[in-house]
Every structure is written in C-alpha cells, then in structure tokens.
Amino acid sequence: MSRNTLYDKVWEKHRVTELPNGQDQLFIGLHLIHEVTSPQAFGMLRERDLDVAFPDRTYATTDHIVPTETEKRDRPLEDAQAEEMLSALERNTGENGITFFGFESGRQGITHVVAPELGLSQPGMTVACGDSHTSTHGAFGSIGVGVGTSQIRDILATGCIAAEKQRVRRIEVEGSLGEGVYAKDVILKIIQELGVDGGVGHVYEYGGPAVRELDMEGRLAVCNMSIEGGARAGYINPDETTYEYLRGREYVPEGQEFEELKAYWESIRSDEDAEYDDVVTIDVDGMDPLVTWGINPGQVIEVSEPIPAPEDFETGTERKAARKAYDHMDHEPGDSMLGYDVDVAFLGTCTNGRVSDFEVAADVLAGNTVAEGVRALAVPGSETVREQCEARGLDEVFIEAGFQWRRAGCSMCLAMNDDSLEGDEVCASSSNRNFVGRQGSKDGRTVLMSPAMVAAAAVEGEVTDVRRFFDDRARTVSADDVEEVAD
Amino acid sequence: MAENHITEVSGTGVPIRGNDIDTDQILPARFMKEVTFDNMADYLFYDARRDDDGTLNDHPLNVYEGANVAVVNKNFGCGSSREHAPQAMMRWGVDGVVGESFAEIFRDNCKSLGIPAATADRETVTDLQDWIEANPDGEIEIDVEAETVTYGGRTVDVEIDDAMKEALVEGIWDTTALMYSNLSKVEETAAQLAYVEGAD
Ligand code: SF4
C-alpha cells in the first residue's frame, strides 16, 4: 500500500465517505464533458428528474465530431448526426448552466488541450471526463480519470464517482533526452518496457531527472498516454515549471489567492519518504526516437532497432499478436521501420496538438516540402493553439511545405468527422492509438511517433530519423545500420 | 436505487479469443454518433464480424447467437473509455463476462451496467473457451457470490473484485442514488478544498 504520495493525499482530500459496497465516494473537482459520451448521461438524469449538482465545476467543449475545415463549420453541420450531437450538447449545457466552449467562444478544442491551457486543470484536483485520455491532466499533479457514461451521470447528479484506490507505481526516468528525442518518445519507451497492460490496477507517478526537465506540454504528452500503458491515471508532482505555466492563465487566480493556492499545491506533493507499491527505473540516456511497428502502442521500437520477429517473443500470445501485426502492417522479419512508406502525415490530438508540438514540426518543415503523394494534415488541438501558432507565423510554414492547416478537433485520431484514412493507407501520426480501424479504415495502418518524426516522414514520404534534418547528424540512423544490427 | 440483486448469470457462452481487444474493435467510433445507446447492439464488433464485401463471416458473435456469457482473454476492453462497448454487448445479449483480465474502465463500465466481469487464469479461461466450442449449446453459470463458474458438470473458481461483487449481490450497482443520499457530505468535502470557490 502506498503512503504519503500525491495520489494518497489528493484522494484523502476528495474522499466523501465509504460506500456500502466498499468503494469510496470521491468528489470530482473538475468535470469535463464533450458531445460523444455525455448526451446519454444527460438523458439518464432527465429520466430521474435530477439536476446537475455542480454546474460551476463542469466545463464542456466539442471535439470528436467537429469538422476541421473552416467552410464546413457553418451550422447546421452538413453531417446530420454530428449536428444532432452538437445541438444536444448546446441544449444540455445551456439548460444546466454549464460553461460551453463552442465554435463562437474562440476556445473550442480537445478537452485535454483546452482545460490545461485555460488554467482549469490545476494541481491537487480530481479531474474526470468521459474520455480515457483524462489521464493527461495528471501532468499538473492531479488525479485525472477517464469514466464511462453511467459515471458521467453520477458526476452530473452528485459531483462524485464511486471508485477504489489503485496501487501507485513510481516510474523513475533517468538520463536526459538527446536532440530529436521528445516527451512522446519517453512515454513510448515506458510502454515498450512495461507493456500495454503493465499498468492495470495502478496509477503511474512519473519522476526522475528526464521528467523534471520536461516543460508542461511535454509532461501533458507523457501523462496522456498513461492509459495506453494500462494505467488508469498518471501524474507528475507539481514544481516551479507547473506554477510558472499556470500563472496568468484565464482561470487561475492572481495575487494573494494564487499564493494561497500554491501553498495547497506544494502540500500535496509526494513526500520525500512517500511509500510506493513499487518503483521502476527507466533509462532514456542515448535513446533514439521511437515508432510503433504494430497494432498496439506496446509494439514499438527505437528506430535503430529492427522490427522484432514474432518468434522472438516469449509467450505464445505475444507471438500471435506479433503475427497479427505483421499481417496488418505487411512486414517481413528483420525489416526496419526506417523506409516504411507513408501516405498520410497527421499532426495534432490531445497527445501532441499543442503549440510546442507545431513548433518542432515547423522547424523540421521550414525550407522543405511534403513528398509527392503524401496527404499532410496539421490540426491544432484547440482554437487557442491555432491562434497562437498563427501569431507566430507557423501556419505559413505548414502551408508552404504542403500541409493543410486546419481548425481544432480530434480529426483523424479517430475519424468521427470527415478526416479519415482510406483503404490500406499508412499514416505517420502524432496521436496515441494505432489500433486496427482507429483512423477510420479497417485496413488503414498507423505508425505512432513524435510530431518532429511525423514532419520528417511527411517530407521523405517514409519513416525516417528526424535527426537527419538537424545540423548535428552524428546520431542519425539509417535502414542500413538497422540491418547490420539485425544480422 | 436499483433493486436488482445479481447473484448469478447463466446461459450459453461465446468465446471471443485474443488479447488486448480494444473498445475501438468492440464498437467502432463511427457508430458513436448517436445520442442514445438504443442501436448499439447492431454495431457490436461491426468490422470484425464482416468480410471486405460486407457479408457476415465466422466471427464468434455470428456463430454463437443468443449467448449470454462472453469468454475473453487478456486486457479485454482496453483503449477508449466508451461505455458504448459494454452497452453494445449487453444489448446484444451478454449478461456476464469471464476473462483473463479486463481494462479498468471497461470493468467499471460493466459494474455500472450490472454485468459481472469475472477473471481466472489463462488455463481456466482457455479450457472454458474450448468447452464452449465443443458444446455451443452447453449451459454456463457464473455464481457471483461464490465466485465460481459451472459448466459441463464441473465448477471452477474465478475472481470477482470485492466492490463489484458487493455491488451486484446487494443490488447497489447503480451508484447514483447511493451517492445522491450523501449530497450534504459532498458539499462539506468540496467546501474544504482550497480551489473551490467559497472554501475557507
Ligand atoms: S484527440 Fe484522439 S485520443 Fe484525444 S480525445 Fe480526441 S479522439 Fe480521444
């Protein structure tokens, strides 16, 4: 059992009581809702004639189904189902006095991008959303959990979820990241080492020098993919980086009130002598960029490694999973991911759709053009991100390079709007899931990587080591190097 | 509060083999563009159940129609938190699931819907899957309280986590009413929090 960790402290402060079934009734300090998972919950509330208990602690935006082309955002939306979902959300939030960041607000975007950038997500909170990537908010030092629709109903009606505490695993990330290696690579490495179900029953506390050095946007990317590692939540203890990020944001108080809050934030950090259920150390020193080769985020390698042969796996089930991936992705044993042809490049999502992500991608793209035949999409995670990127002229870099510069939404992450893979297209993607069918085509193939790697793949028309775009190419690996390793 | 005490679930089985079956496969995202769960059964494993030309293939759901107990492998229901996935299973006819392990959110969603999700080791699960394939009309019973599964004249131990078991057996898996009765305590807890407006 863990003791005196941030998780223990925040849980204790939000614990209302113990329920007869042995679970804790846990108060949710920030409830985020979007159009896809909430209408059924509001319906259930109406059936029972219940009100929203804490409308002031609830914020809504729309992300999954929204068109990302400006001319398609006129109302009513062309897609009647999408329009119905969006109007239902407008109606539900309007009737219940919930703040809704819709198109006209200028702040619409992916929940997990909007809440952090507005300062809604703060340390020491419990955050819930009907979306598994709510783990993202843990980057501030909060407990962020994804919930199902019945639990959304619970939160709307009572401000609470029924939950039991999980075990806490400390993940100590040692070393420092080389050029061309980012937060995304860190979390892919963690999933490579611990597996896609390694975190089941746990929350992850990320720490150590490599995590401390990350800026807030990097930390958000790491915590975002906790769920891909099987953990329900992931968090990082708040520090000066966190406080400086929060200062001056729209929903963060100023002056004396800020100082008081900061005292609370400091108080919920894991103690020096906190006890964890277990501690795992991962060394990222000298690590190369990572890309997935298969059909789950755990089927991932550093670009310098060959794709593992199915026979190399220890258990029969892993071998079977690898064979399925080989089939779907069309690999031969010993292949490298370098040189793997790419048809689509997709930048955005709640993992990597923030300003710094577009900045690094733009650095790679400046003076280059997207390879012929590659469809390239840059989709800001929020309208605020879009504005900030445009203020820096980044949109022009993307457009000049041959990218489409879009409006905010989930877009091709799960293809609930028009942005979709076709047939067996291969997509170099900055998103978080490479499941079969995830990007809208059941034969479509997704290769997950950092935004810089996506930009590089767009230019080359194939998976490549982004470091060849930098001045110091000392560490760049090519497919030939990988073959040597494989032999 | 729901009065439904769920102490056992029984019927025929359907083996859905494979590890890490994610909710995108169980219920593809493009079918979530509806504001109710009413039609979800039609979309269950939509792509996996069809060949490229749209005809139904030999996916277990096409073969074991009318089954009540799904038997799955490791990390079932991983990925997206969509309750659409267990809703679709429930509306298709699944009343209980036995598997090697479940993703957390999926298991929580099952609990909210009153679907027992029992776990057992690999051998127990594959034995059961093999047995269903040999006895598609055979009866399987999950005893929630005793944490056992009975089929083909044998009874094997399974695990159902305490909170789920308690909730199902006591009929308190609908947590809204339960928590609603503590609303004044909730307000007290909220008022103590540094970040809540009006807190001390
Ligand atoms: S960007 Fe993708 S992962 Fe993130 S909330 Fe949207 S659909 Fe989910």
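Is A:Val196 buried or exposed? A:Val196 is buried, with a relative accessible area of 13%; buried means under 20% relative accessible area, exposed over 50% and partly exposed in between, with a 1.4 Å probe and protein chains only. The model is predicted, so local features need pLDDT of at least 70 and side-chain atom pairs count only at pLDDT 80 or more, while totals for chains, interfaces and linings use all residues. Residues are numbered from 1 along each chain as its sequence is written, chains are lettered from A and ligands numbered from 1 in the order in which they are written, and side-chain values use heavy atoms, with hydrogens and water left out.

**Surroundings of A:Val196**

- A:Val196 sits in the loop between α6 (183-194) and β10 (202-207) of chain A; helices (H or I, at least four residues) and strands (E, at least two) are DSSP runs, numbered from the N terminus.
- Leaving aside neighbours within four places in sequence, A:Val196 is in contact with residues of chain A including A:Ile191, A:Glu228, A:Gly229, A:Gly230 and A:Asn296, where contact means heavy atoms within 4.5 Å.
- From chain B, B:Asp20 and B:Asn75 are also in contact with A:Val196.

**Domains of chain A and the ligand**

- Chain A is divided into domain 1 (6-280) and domain 2 (298-471), with bounds that come from an automatic or database domain assignment.
- The C-alpha centres of domain 1 and domain 2 of chain A lie 24 Å apart, and the contact takes 40 residues from domain 1 and 44 residues from domain 2.
- Both domains of chain A give residues to the shell around the ligand, so the ligand lies between them.
- Residues around the ligand include A:His64, A:His112, A:Asp131, A:His133, A:Cys350, A:Cys410, A:Cys413 and A:Arg438; a residue counts as near a molecule or strand if one of its heavy atoms lies within 4 Å of it.
- By class, this shell has five nonpolar, five polar and two charged residues; Ala, Val, Leu, Ile, Met, Phe, Trp, Tyr, Cys and Pro count as nonpolar, Asp, Glu, Lys and Arg as charged, and the others, Gly among them, as polar.
- A:Thr349 is also one of the residues around the ligand, and its place is in helix α12 (residues 349-352) of chain A.
- A:Thr349 is buried, with a relative accessible area of 1%, and has a positive phi of about 85° although it is not a glycine.

**Other features of chain A**

- In helix α13 (residues 355-365) of chain A, the buried residues are A:Val355, A:Asp357, A:Phe358, A:Ala361, A:Ala362, A:Val364 and A:Leu365.
- A:Gly367 follows α13(A) and has a positive phi, near 80°.
- The peptide bond from A:Arg75 to A:Pro76 is cis, with omega near -10°, and A:Pro76 is found in the loop between β4 (58-61) and α3 (80-96) of chain A.
- A:Asp481 belongs to helix α17 (residues 479-486) of chain A and is partly exposed, with a relative accessible area of 31%.

**Chain B**

- Chain B has eight helices and eight strands, and its C-alpha trace spans about 65 × 40 × 25 Å along its principal axes.
- Of the 200 residues in chain B, 62% are buried.
- Among contacts in chain B between residues at least 6 apart in sequence, 68% join residues at least 24 apart.
- B:Asn68 lies in the loop between α2 (60-63) and β3 (69-72) of chain B and is buried, with a relative accessible area of 18%.
- Not counting residues up to four places away in sequence, B:Asn68 touches B:Ser10, B:Gly11, B:Thr12, B:Gly93, B:Val94, B:Asp95 and B:Gly96.
- B:Glu147, a residue other than glycine, has a positive phi near 55°; B:Glu147 is found in the loop between β6 (140-143) and β7 (148-151) of chain B.

**A helix pair across the chains**

- Helix α5 (residues 149-158) of chain A and helix α4 (residues 104-113) of chain B pack at an angle of about 70°, with their axes 8 Å apart.
- That angle makes α5(A) roughly perpendicular to α4(B).
- A:Thr149, A:Ser150 and A:Gln151 in α5(A) meet B:Asp108, B:Asn109, B:Ser112 and B:Leu113 in α4(B).

Definitions and conventions. Axes fitted to C-alpha atoms, helices over the stretch in contact; angles between N-to-C directions. Parallel < 35°, antiparallel > 145°, perpendicular 65-115°, else oblique.
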